[in-house]
Amino acid sequence: MNTVFSPLTLGPYTLANRLIMAPMTRSRADDSGVPSDLVTTYYAQRATAGLIISEGVFPDASGKGYVRTPGIETANQVAAWTSVTDAVHAKGGHIFMQLMHCGRVSHPSLLADGAQPLAPSAIKAAGQTWTNTGLQDFVTPHALSVTQIGEVIDSYRSAARRAIEAGFDGVELHAASGYLPEQFLSSGTNQRDDQYGGSVQNRSRFVVEVLAAMVDEVGGDRVGIKISPEMNFNDISDANPQETYTYLVKQLRGLKLTYLHVALFGASFDYHAALRPLFDGRYLVGSGITRDSADALIAEGKADAAVFGGAFLANPDLPARFRNGAALNTPDKDTFYTPGAEGYIDYPTL
Ligand SMILES: Cc1cc2nc3c(=O)[nH]c(=O)nc-3n(C[C@H](O)[C@H](O)[C@H](O)COP(=O)(O)O)c2cc1C
C-alpha cells in the first residue's frame, strides 16, 4: 500500500515522496520581475518535498498582476531562476514552474506604460487589488482580439521553453483562482461570440491551445495543469462548472499531460470522484490537506500525491516533521507578501 512517503514516478522523474509544495506567490522579486537571492534560499530549504511547484510566474509582463512577482521573460529572470533550480537539484529535489497570467485582475499600475489588463471580454471584476499605492479598484480590461490571443498563447510557449532552459523539471499552467485561463473557461467572464466563447467547447479552447503549445515545446511529460472548480475568488463565476470541468478534463487526455492538480475550496460537487477517472496522468489533490487526509487519499488510491500550501510555507522540513510526528509551525499571514527575509526564510526546522 502506498503512503505519502512512497516514491512516485512523474514523467521522466522519480519523486522521493508524494508530499508536494503548492504554488505560492511570495512577492520577493524586484520590480523587473527578477527573483532575489532569498528566493533561492527559500526553495532550497524546501527541497525535501517530492516536488516543489513554484509561485505563479508571469510568462510576459502583460501577465503580471501583483507587486514584486517574478517573470520568466528576460535573461536576468532566467539567470535568477537558474540559481533556484540548481540549488533545489543540488539537494535532490524536483521543481516545476507555475505559469500565471493574471488577465483582468491585474492593474494598469503594474503593467508597462499603464496598459489595460487583458481578458477574454471587457468585464471588470468586482473588488479591489493591492498595487504599489495600496488597494485600488479593478479596472475594465481590454478584450483580446483573436490575433492577440495567438500572441498570448505564443507567450506561454516561449515561457515554457525558458523555464526548461532555466533548469525547471516542468511547467504547470495556472488555470485556477480566477486568472486568465479560468476567465476564458468561465461563462461569467467570457462573453465572446467567436470561437473562444459561448459553448463549453469554445470556452475551453484557450486553455487547450495554451497547453498544446506548451506540450509541443517541452513535451507532455513536463506539463501539468492546476484547476480549482467553483473557487469563489477574483469574482469568477461559471453557470455550469460541472459541465465545464468535465469537458475540459476529457480534452486533456489527448495532450498526455503529466499531472492534473485539483484544489477544491468548498465545492458543491465531488469533482475528485468525477475528474480523476477522466484523466490518464498523475492526479494531485490540494487545499486543506493534512498528514492524515493525505495518507488516506493516497492509500485509497484517490490521489497520487498531496499538495500542501500553508504547511510547506511555514515548515521547510515538512516531510521530516511528518515522519517524526512533530508539531508544525503556523504560517504568519502578515509576512506572506512582504519583501525581505522575515516570514520567508526564517521558519525554524526541527
Ligand atoms: C501565500 C499564498 C500564496 C498563494 N499563491 C498561489 C499562486 O501563486 N498560485 C496558485 O495556484 N495558488 C496559490 N495559492 C494557493 C495554494 O497553492 C493552495 O492551493 C492553497 O494554499 C490551499 O492549500 P493549503 O490549504 O494546503 O494551504 C497561494 C496560497 C498562499 C497561502
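Me: Helix α3 (residues 146-165) and α5 come within 9 Å of each other, axis to axis; at roughly what angle do they cross?
Reply: Happy to start here, with the reminder that this is a predicted model. Two packed helices are described by the angle between their axes and the distance between the axes. You already have the distance, within 9 Å, and the crossing angle that goes with it is roughly 35°.

Me: Which hand does the crossing of α3 and α5 have?
Reply: The side chains to look at are Ile149, Ile153, Tyr156, Arg157, Ala160, Arg161 and Ile164 of α3, which meet Phe206, Glu209, Val210, Ala213, Met214, Glu217 and Val218 of α5. The crossing of these two helices is right-handed.

Me: How many residues of the contact of α3 with α5 are charged?
Reply: Arg157 and Arg161 come from α3, while Glu209 and Glu217 come from α5. Beside the charged residues, the contact has 10 nonpolar and no polar ones. The number of charged residues is 4.

Me: Is Arg18 buried or exposed?
Reply: Arg18 lies in the loop between β2 (13-15) and β3. Beyond four places in sequence, its contacts include Val4, Gly50, Asp304 and Ala306. A residue needs 20 or more other C-beta atoms within 10 Å to qualify as buried. Arg18 has 28 of them, so it is buried.

Me: What separates the C-alpha atoms of Arg18 and Ile298?
Reply: Along the chain the two are 280 residues apart.

Me: How far apart in space are Gly197 and Ala299?
Reply: Gly197 sits in the loop between α4 and α5. Among the residues Gly197 touches are Pro120, Asn190 and Arg203. In sequence Gly197 and Ala299 are 102 residues apart, and from C-alpha to C-alpha the distance is 40 Å.

Me: Ser27 and Ser177 both have a positive phi; where in the chain is Ser177?
Reply: Phi is near 55° for Ser27, which belongs to the loop between β3 (19-21) and α1 (37-45). Ser27 is partly exposed, with 16 other C-beta atoms within 10 Å, whereas Ser177 has 21 and is buried. Ser177, with a phi of about 60°, is in the loop between β10 (170-174) and α4 (180-185).

Me: Which residues come nearest to the ligand?
Reply: Both β4 (51-57) and α9 (310-314) supply at least two residues each to the shell around the ligand. By class, the shell has 10 nonpolar, 10 polar and 2 charged residues. Of the 22 residues around the ligand, those that come nearest are Ala22, Met24, Thr25, Gly56 and Gly309.

Terms used
Residues numbered from 1 in each chain as written. Predicted model: local features only at pLDDT ≥ 70, side-chain atom pairs only at ≥ 80, totals over all residues. Near = placed C-beta within 6 Å. Helix = DSSP H or I, 4+ residues; strand = E, 2+ residues; numbered from the N terminus. Nonpolar A, V, L, I, M, F, W, Y, C, P; charged D, E, K, R; others polar. Axes fitted to C-alpha atoms, helices over the stretch in contact; angles between N-to-C directions. Left-handed = near helix turned anticlockwise from the far one by under 90°. Contact = placed C-beta atoms within 7 Å. Buried ≥ 20, exposed ≤ 12 C-beta atoms within 10 Å, placed from the backbone.
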